[in-house]
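Welcome! Please take a moment to turn the model around on your screen before reading on.

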Amino acid sequence: MPREAIELTNKLENLSILDQDGNVDEALEPKIADADLRKLYNVMLKTRRLDERCLMMQRQGRIGTYGPCKGQEATPLGFAYAMQAEDWFVPSYRELSAYVWRGWPLGKYLVWWGGNEYGSAVPEGVNDLPICVPIASQCQYAMGIAWASKLRQDDTVCVCFVGDGGTSQGDFHEAMNFATVYNVPLVMVVQNNHWAISLPRSKQTASPTFAQKAIAYGMDAMVIDGNDILSCVTAARESIKKARDGQGPQLIEATTYRIMMHTTADDPKKYRSEEEVAPWLKKDPLIRFETYLRNKKLLDDKIQKLMEEEIKKEIDEAIVFYENYKHDPYEFFEHMYQEMTPELAAQLAELKAYREGPAPEVSASNGNPQVSHA
Amino acid sequence: MAELTMVQALNLAMREAMAEDPNVLVMGEDVGKDGGVFRVTDGLQEEFGPDRCIDTPLAEAAIAGTAIGLTFRGFKPLIEFQFDGFSFQAFHHVEGHVRRFRNRTRGRYTCPMVIRMPYGGGIRALEHHSEAPEATYAHLAGLKVVLPSGPRNARALLRSAILSPDPVVFFEPKALYRAFREEVPDEPETLPIGKGQVARAGKDVTLISYAATLRATLDAAEELADEHDIDAEVLDLLSVSPIDEDLINESVRKTGRVVVVHEAPRHCGVGAEVVARIVEKSLLYLEAPIRRVTGYDTIIPFFANEKTWLPDAGKVVQATVETVNF
């Protein structure tokens, strides 16, 4: 009848490869083709520029409330890069760089923030889910998607994103519990950006890491520098491979920082100091990636200028698409059920009559429409 | 034809669907080995295996939430909440995603699933085991809400729910699970979701009910005929979303008098919706104020007092006599 320590069998690791000054740990440096490195940088830059334009458009009243992702581009991008096209991507709402990598039209993103469901009508053939608003609820359907991969034995992996705040929700824990019980190919990525609107990380959990929560469920976990694209790619490759090989779900905690406000509806000055933000500006994922590429001679002023011009053109086109997007004022009736119910048809007719006058009546005698003058 | 209880009829509907379509899954707490606490899923795991009839960890939100992901991949989950009162543990998934994904993604992702749960009071159960939350779910656009009243329509409606391209909340009146047997045909049959039925034809007054209180209402109709010379028509709504407005108004226009009966509390209950539909379409046909015989606007009492609380034939008879004599 001993009293002794219980060995925990799951691993918890920390990983950092490229520091904020662009120094790289060559022993850990992942092999990424030069063309891919350039493309990754291009998408990171495009994400940054689109995000900045969105913020500006919100200030101009051209889109609604906006939730910026500045400073958080590296983690979603690293995972999107390591995923196969047919893998499933389940975002929270600050994973723009993954959408861009996976080929979503930029205009669609604008339409979402512009308040139309078309923005979450996922393009056909893309195994992605739309932005999820209720925090951490996406973890549960991500788990279901991964479960389906196992039941169908189709070799696909599901990568799900959640924030530090989301780890306080039951959904996060229930999904991880189900995921290990059924041993499904799920990779859960916690983007710890240190703030859930106004609540700091220190008040979100008493755990030293978010990653260690995985240990309780029998899952391996890793903390990575989420602003370091090389750590992100490495962790993504490893965790996705493990999940695909049947080694069960994986949890990655990516340390990052929310440089901007939660959304344009709040002012961070109210709840955090400039002194806290300042060091994180130096840890910007884009700056260190640029340094890394310049050191490798994969980027110079000329290439950078060309990229900026192309990106600006693409974003300009997306804005034109968004601003010309034709809203159908009746579409919200169309997608409640596969077939519209008689009640909804009647309500649609009621709204149309209000907006456009009485509907043309069909004459019983000849079937020709007759405009009512009542 | 076989004489089946509602439990057996529901089991048959699931068995048929699982045999026909490998994408049909049954998921829930204790649904596999144990066959469900009411034995509705009895034998399904034995017949179809633990990957088709799945005993899940004890987490309603995860049952509903993971089922959403399974629907995206072409599965048709039939999820079971062990009791009506526990469905609220998963409410944010049903409200937040199940009913919304079709609209949110313009039809790119849909969540066709059946959310089954034992419904209502009358079996002397614990707190949270006797709830009647149909109005709560009926208020959520994007869901269909079905309540059978007997073995035959339960089997047919469950089949319709399983075949439905839309998510269906399927309430199984637990007071009727083993209350009586009914002839159920050998061949599978369906009933259109959103259509009610005339359960008893009559001319003097329209009694509108569904689920377990339909039985009390039918008993009341017999008593009204025998002892009060009142010939009541009884409607069984079967579905409260959509609701069969045409059936209701057709009957009301004939009788001019209405009593609505359900066990859920009165305030903002389905009865209120029924009354609104009648007032909107048939106001001038009414001969008397409409009456509602329902659960009271309290929490259903612990079981020592539940019979006092629940509608019964006596309450229906009294309200109907007053309506007819108005």
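This is a predicted model: local features need pLDDT of at least 70, side-chain atom pairs count only at pLDDT 80 or more; totals for chains, interfaces and linings use all residues.

Let's begin with chain A, whose secondary structure consists of 13 helices and ten strands. Taken along the principal axes, a box of roughly 90 × 65 × 45 Å holds the C-alpha atoms of chain A. Of the 374 residues in chain A, 43% are buried. If you look at contacts in chain A between residues at least 6 apart in sequence, 75% of them join residues at least 24 apart.

Now find a spot where chain A meets chain B. On the side of α5(A) you will see A:S137, A:Q140 and A:Y141, which meet B:H92, B:H93, B:G96 and B:H97 in α4(B). The residues of this contact are one nonpolar, six polar and no charged.

Next, follow chain B itself, which is divided into domain 1 (2-184) and domain 2 (197-324). The C-alpha centres of these two domains of chain B are 26 Å apart. Their contact draws 26 residues from domain 1 and 22 residues from domain 2 of chain B. On the side of domain 1 that touches domain 2, the elements giving two or more residues are α6 (134-138), β6 (144-146), α7 (151-163) and β7 (168-173) of chain B. The residues of that side comprise 15 nonpolar, six polar and five charged.

Terms used:
Residues are numbered from 1 along each chain as its sequence is written. Chains are lettered from A and ligands numbered from 1 in the order in which they are written. Domain bounds come from an automatic or database domain assignment. Two residues are in contact if their C-beta atoms, placed from the backbone, lie within 7 Å. Helices (H or I, at least four residues) and strands (E, at least two) are DSSP runs, numbered from the N terminus. Ala, Val, Leu, Ile, Met, Phe, Trp, Tyr, Cys and Pro count as nonpolar, Asp, Glu, Lys and Arg as charged, and the others, Gly among them, as polar. A residue is buried if 20 or more other C-beta atoms lie within 10 Å of its own, exposed if 12 or fewer, and partly exposed in between; C-beta atoms are placed from the backbone.
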